[in-house]
Amino acid sequence: MFKIAKERLNELYSKIAETFGLFIPIKKGGEVNYHVWGEGKEVSLETLKTVKSPKNAFFPQSENLMKFKTEGKNLEIIDVRWDKTEKPFVMFGVKACDYKAIEVLDKVFLADPVDTYYQSRREATTIVTLACSRPEESCFCNAFGIDATAPQGDVTTWLDGENLYWQANTQKGEALTAAVKELLTEGGEEKVEAQKASTKAIMEKLPFASLDLSRFKPENLNELFEDPAWESMSEACLGCGTCTFVCPTCQCFDIRDFKTNEGVIRYRCWDSCMYSDFTLMAHGNSRTTQMQRFRQRFMHKLVYYPSQNDGLYSCVGCGRCVNKCPQKLNIVKVIKTLGGKNND
Amino acid sequence: MRDVELKMKERASELLKSGEVARVIGWKKGEFYHDPQPASFESVEELNAFVYNGFCGANLSKYLIQMSKKEGKTAIFLKPCDSYSFNQLVKEHRIVRENIHVIAIECQGKLDIEKIKAKGFDFVTEVEENGDEIAVASLYGNGAVQKDEVLLGKCETCKGKVHQVKDEEIILHEMQAGKKNRFEEVEKLEAMTEDERFAFWREQLQKCIRCNACRNVCPACSCLKCVFDNPASGIAAKANDDKFEEQLFHIIRAFHVSGRCTDCGECSRVCPQNIPLHLLNRKFIKDIDGLYGEYQAGETAEGKTPLTSYTEGDAEPNDVVNGEVR
């Protein structure tokens with residue numbers, strides 16, 4: 001294990017940025033989100049939850065897929081994808097929940113047929129995770145078996161009042177470590193163990209630590225789908241996309257064409273099952289009420305996705321929806337209502 | 001506030017029991033003290049979860065678009081600021097007034113949990129409201145914060161404490177108006193150079209994730225189908241793009257609700273990126289006041305509005321610069 005003094009972190013960022021594009025939580029316009037690092041930017045590793053999750057780096061909210069140009073009868077298709085020969089990048093400060101979320105996305109985008117847009121960014125990225133030391137009441141990653149004190153990733157880091165502690169886990173992680181070696185010194189195991197123990201003690205006190213998810217099984221699909229509780233649970237839903245867009249695992253997108261003076265651009269952008277035009281087809285929409293759209297979102301997270309992915313839920317307990325829903329609806333309420341008998 | 005909550009619950013119970021109303025719209029207990037959610041109650045049993053406290057900031061009036069068309073009468077609890085939205089919705093024929101029983105309720109300003117957490121209480125276990133002081137218990141330490149410092153943005157500049165509509169009221173204590181002048185922030189923006197102002201809005205609007213929460217919560221945004229959701233409109237804009245197109249969405253929306261926006265502040269309350277969207281609306285309100293005489297949308301449910309009536313003395317839009325006639 002290595003360490004670097006907190007006040008030297010800027011040197012570390014600067015060193016990483018020599019060879020990599022560095023995405024890191026940065027405060028901009030009052031809010032902390034992942035942005036490309038540069039000298040003078042206000043890095044905020046202490047921020048527990050960025051508003052948008054790091055998924056944006058692999059699966060941008062809006063992305064051009066290709067361009068079409070027509071001249072007479074000729075149609076030219078221009079590849080506009082991110083160029084692999086550009087700098088690889090580092091995602092720095094990814095929390096355990098958000099890292100697990102990338103695993104959830106990988107199962108979608110890297111399964112056959114592989115989404116090559118996602119894949120090229122994913123492969124070019126080295127992920128440096130950061131252990132949590134100050135979880136808050138809306139956190140419930142431990143309900144999904146995630147250990148916030150020891151996230152995986154290419155490199156795992158821990159931050160305390162004095163130092164950042166650094167441990168490489170993979171080949172990519174070793175390569176990044178080699179690139180910044182001159183700034184690191186050995187040591188820190190004891191401090192890290194102490195932090196893990198103190199954070200674990202906090203984690204046990206999280207109010208949603210022991211959510212009962214036992215009823216969310218493929219065999220209960222119809223019963224859950226028909227449950228009358230969806231009606232009252234969704235009543236206050238505004239049908240906005242906040243929960244979807246702050247969610248680290250939501251993965252739906254729409255593909256559209258945009259006409260410009262220089263041809264047509266085909267782009268994709270995040271879509272939300274909360275929206276009235278989601279999966280709109282020629283005959284109309286398959287889900288005509290907000291209750292149906294609301295149900296779709298949570299059934300996907302808790303039943304459909306796990307039934308296709310060996311029981312892995314596509315919620316990681318980051319709690320962003322708990323904090324951000326304008327009307328205070330969230331997945332915890334759904335789990336408590338439908339998840340099983342052991343929810344109070 | 002506890003006494004107000006009890007009275008409200010009692011009244012809701014009476015109304016449901018007697019059959020005078022089929023449902024009551026209010027707030028229901030959440031997972032914490034600080035996250036009550038809007039809810040409708042159809043039976044006395046359901047009222048067990050009823051709650052009214054400093055975190056009931058949501059404006060409930062827009063729910064009436066659906067609820068007032070249901071079978072039977074709907075009772076609704078409205079804070080003074082929500083009553084403006086109610087009138088505006090009646091004026092625009094979005095809600096059915098005869099089917100609604102308005103209970104005007106006391107409001108002493110609502111709280112912003114994010115502001116409380118930012119004071120170091122980021123594992124809130126308990127909140128207690130003691131007048132101007134809010135006691136907060138958190139896993140990382142207990143303490144107290146001054147209410148003035150943790151009010152929702154919209155409550156800092158509260159328009160006043162007079163309900164613009166009511167069928168009955170539950171007001172047990174005197175209410176205070178906001179301490180800040182609501183046009184102060186607008187004036188700051190007006191005092192900027194064009195470049196500074198552009199940079200300000202650019203930085204703010206770049207944060208937009210296009211979740212549409214501002215639009216969907218807005219009582220003035222009551223179109224059955226928003227033009228931006230309609231693929232047939234040719235301008236359906238789903239992509240979040242931090243170039244000019246994105247900034248246009250908010251500006252177009254502000255134009256569309258101008259003259260109808262009551263300044264309820266919900267747009268800024270719900271924005272996940274805390275973009276001060278209300279400032280766009282407020283700028284238009286200030287301009288309308290200056291150009292056509294003071295006007296407050298939602299003060300009444302009748303009458304013409306400055307932008308839907310014409311007089312010969314009206315300012316010509318082309319002659320107006322920075323809210324003043326050139």
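Which residues does the domain assignment of chain A give to domain 1 and to domain 2? Domain 1 comprises 2–62 + 84–204, and domain 2 comprises 218–338; these bounds come from an automatic or database domain assignment.

Before I continue, a word on conventions. This is a predicted model, in which local features need pLDDT of at least 70 and side-chain atom pairs count only at pLDDT 80 or more, while totals for chains, interfaces and linings use all residues. Residues are numbered from 1 along each chain as its sequence is written, and chains are lettered from A and ligands numbered from 1 in the order in which they are written.

Let me turn to the two domains of chain A. Their C-alpha centres lie 27 Å apart. Domain 1 of chain A brings 23 residues to the contact, and domain 2 of chain A brings 20 residues; here two residues are in contact if their C-beta atoms, placed from the backbone, lie within 7 Å. On the side of domain 1 that touches domain 2, helix α2 (residues 96–109) of chain A gives the most, with eight residues. Helices (H or I, at least four residues) and strands (E, at least two) are DSSP runs, numbered from the N terminus. By class, that side of domain 1 has 13 nonpolar, four polar and six charged residues. Ala, Val, Leu, Ile, Met, Phe, Trp, Tyr, Cys and Pro count as nonpolar, Asp, Glu, Lys and Arg as charged, and the others, Gly among them, as polar.

Next, the contact between the chains. Chain A contributes 37 residues and chain B 34 residues. On the side of chain A that touches chain B, α8 (242–246), β11 (253–260) and β12 (263–270) each supply at least two residues, and α8(A) gives the most, with three residues. This side of chain A divides into 15 nonpolar, nine polar and 13 charged residues.

I come now to a sheet in chain A. Four strands, in the order β5-β4-β12-β11, form an open sheet with antiparallel pairing; two strands pair if DSSP finds at least two bridges between them. Because β5 (74–79) and β11 of chain A stand at the edges with a single partner strand each, one side of each is left without a neighbour in the sheet. Strand β4 (residues 62–71) of chain A is joined to β5(A) by six bridges, and K69(A) has E76(A) as its bridge partner in β5(A).

Finally, chain B. Strands β5 (residues 124–130) and β6 (residues 133–138) of chain B pair in the antiparallel sense over six bridges. Within this pair, V136(B) in β6(B) is the bridge partner of V127(B). The hairpin of β5(B) and β6(B) has two residues between the strands, and G131(B) takes a positive phi near 65° there.
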